[in-house]
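Reader: Hi! Could you walk me through this one? I'd like to go through it piece by piece.

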Amino acid sequence: MASGADRISALPEDVLHQVLRFLPAQEVVRTCVLARRWRRVWRAVPALRFTGAKGWGSADRFVQFVDHLMHLWRAGGDFGAPLDSCEFDFDLDGFMRLLGGEQHASRWIREAVSQVRALRVRVVEEQEASPLSDNLHLVSQHLTRLELIGVAVNDSVVDFSGCPALVHLNMEDCDVFVQQILSPSLKHLRIASCYTSEYYRILISLPALVSLELIGFDQGRIPFLGSLPRLARAVAMLSDDCSDHCSRDRFDGCSSAESEACGGCYYYYGDPEDPEYGARCDRNNSIFLKGLSEATYLELSADSDVIVFNRDLRWCPTFTKLKTLLLNDWCLAADHNALICFLQHSPILEKLTIQLSKVPPYVMETEGIYKPVGHSVASDCLKMVEIRCADVDNRVHKILNTLTNYGIRLDQINIQHTSRIPGSGCFNFVCTGFS
């Protein structure tokens, strides 16, 4: 800018507000010294981002700043816009470990949640302290989006009956040791890389839920799915770190004598010493698949030794609305028992995708739970089966054999695979169809 013109200040205020909302709160406030016009611009920014006590010299100065700024927005006055969103990011600054740090954070969250439409709380520390204290109950008529990263939550926190406008909930890397998630309005739920109990399952029974994502589960059980009458889309990706696996590689569960030595089976339906949870997890009913029966789109991926999907096939529902389905290697166990089950329980399925891992996983040599009915698929609507793989190996040929045995024509099947280009270190993407 050879002319020295201040082009940024010439921008419309609404554009400046959108830029400033991405800056930490202290940087937003400092813009008031740039020029006369800027004295009032920062006051109308509809978002606050607090990035922890690092760089403040002392935690007390950080607390005073946050208290003062929260008070200004709460009081209104000449502040030009109500708060739309608020973010607290405690990133390795030690604030949560300080005396009173947890109490300050809980108070700020309680104040923010009553005003904003979107709240994000992130804690990146190995610690027991949590900004969501044991007695914190979120109450807001405005909150529509809540994102929690790296925090511990309890039953009080996930009781959202006091947040009738809440639509989006995302929990990532959290300790989620709760009995149930309650919300009359929640439409989109994502739980990723979280830690849950090994001894009981979280009940998810949400009347308004439209989309569900369950990713990882680094420890503990996957949730027990209750009534989800409006569910349209669900993605479940389970790793072998979760507790839902049998040490004896049995889909139907260990015998009573064996199961005490196998934690995966002994606590599969909950803690036997907890009759309340035992009543919720019926041993003669589905844990997971039944709750997905209203979905139109499903992705179900798991490491090969995770048993919950296969064990649920005994009570597999009919997916009357399902149009798109993705499965991975887990469906190949027991002579493709799960694959056949889904084909015969999806009457309007249009697209099936089978995602194969690059290295063939260990597949349990056990009897399948599902007993096929005849040799036909349920869907006359099936347009395409897509097999994604690194190489066209023996697994692919076996899948082709199963699919054709159950009435799927070769011209309905596409194989997408990658092949290495000799001498280049690169891969070529190949799509093979049959005609």
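This is a predicted model: local features need pLDDT of at least 70, side-chain atom pairs count only at pLDDT 80 or more; totals for chains, interfaces and linings use all residues.

Author: Helix H5 covers residues 101–113, 13 residues in total, and spans 18 Å from its first C-alpha to its last, close to the 18 Å expected at 1.5 Å a residue.

Reader: Which residues in H5 are buried?

Author: Those are Gly101, Ala105, Ser106, Trp108, Ile109, Glu111, Ala112 and Val113. Trp108 also turns up in an aromatic cluster, together with Phe50, Phe62, Phe65, Phe88 and Phe90.

Reader: Nice, let's stay with the aromatics. How many aromatic pairs are there in the whole structure?

Author: A search of the whole structure gives twelve. One of them joins phenylalanine 50 and phenylalanine 88, with 5.4 Å centre to centre and 20 degrees between the planes, and that pair is stacked.

Reader: Where do those two phenylalanines lie?

Author: Phenylalanine 50 belongs to strand S1 (residues 47–50) and phenylalanine 88 to strand S2 (residues 85–91), so their pair ties together parts that are 38 residues apart in sequence. Both phenylalanine 50 and phenylalanine 88 are buried.

Reader: Is phenylalanine 288 buried or exposed?

Author: Buried, at 1% relative accessibility. Phenylalanine 309 is buried as well, with a relative accessible area of 1%.

Reader: Which charged residues lie over the face of tyrosine 268?

Author: Arginine 201 does, at 4.7 Å from the ring centre. Arginine 311 lies over the face of tyrosine 268 too, at 4.4 Å from the ring centre.

Reader: Changing topic: what about helix H10?

Author: H10 runs over residues 333–344, has twelve residues and reaches 17 Å from first C-alpha to last, close to the 16 Å expected at 1.5 Å a residue. Eleven of its twelve residues are buried, so H10 is largely enclosed by the rest of the structure. The buried ones include His336, Asn337, Cys341 and Gln344.

Reader: What do the buried residues of H10 pack against?

Author: They pack against S14, H9, S15, strand S16 (351–355) and helix H11 (394–405).

Reader: And serine 211, what does it touch?

Author: Leaving out residues up to four places away in sequence, serine 211 touches Lys187, His188, Leu189, Leu231 and Arg233. Serine 211 is in strand S11 (residues 211–216), and at 14% relative accessibility it counts as buried.

Reader: Let's zoom out. How many helices and strands does the protein have?

Author: Eleven helices and 19 strands. Of the 435 residues, 49% are buried. Among contacts with a separation of 6 or more, 60% are between residues 24 or more positions apart. The protein exposes about 20100 Å², and carbon and sulfur atoms supply 51% of that.

Key. Residues are numbered from 1 along each chain as its sequence is written. Side-chain values use heavy atoms; hydrogens and water are left out. Helices (H or I, at least four residues) and strands (E, at least two) are DSSP runs, numbered from the N terminus. Buried means under 20% relative accessible area, exposed over 50%, partly exposed in between (1.4 Å probe, protein chains only). Contact means heavy atoms within 4.5 Å. Accessible areas come from the Shrake-Rupley method with a 1.4 Å probe; for residues, only the protein chains shown count as cover. Rings of Phe, Tyr and Trp (its six-membered ring) pair if their centres lie within 6.5 Å; planes under 30 degrees apart count as stacked, over 60 as edge-to-face and the rest as tilted. A charge sits over a ring if NZ of Lys or CZ of Arg is within 6 Å of the ring centre and within 35 degrees of the ring normal. The expected span of a helix is 1.5 Å times one less than its number of residues.
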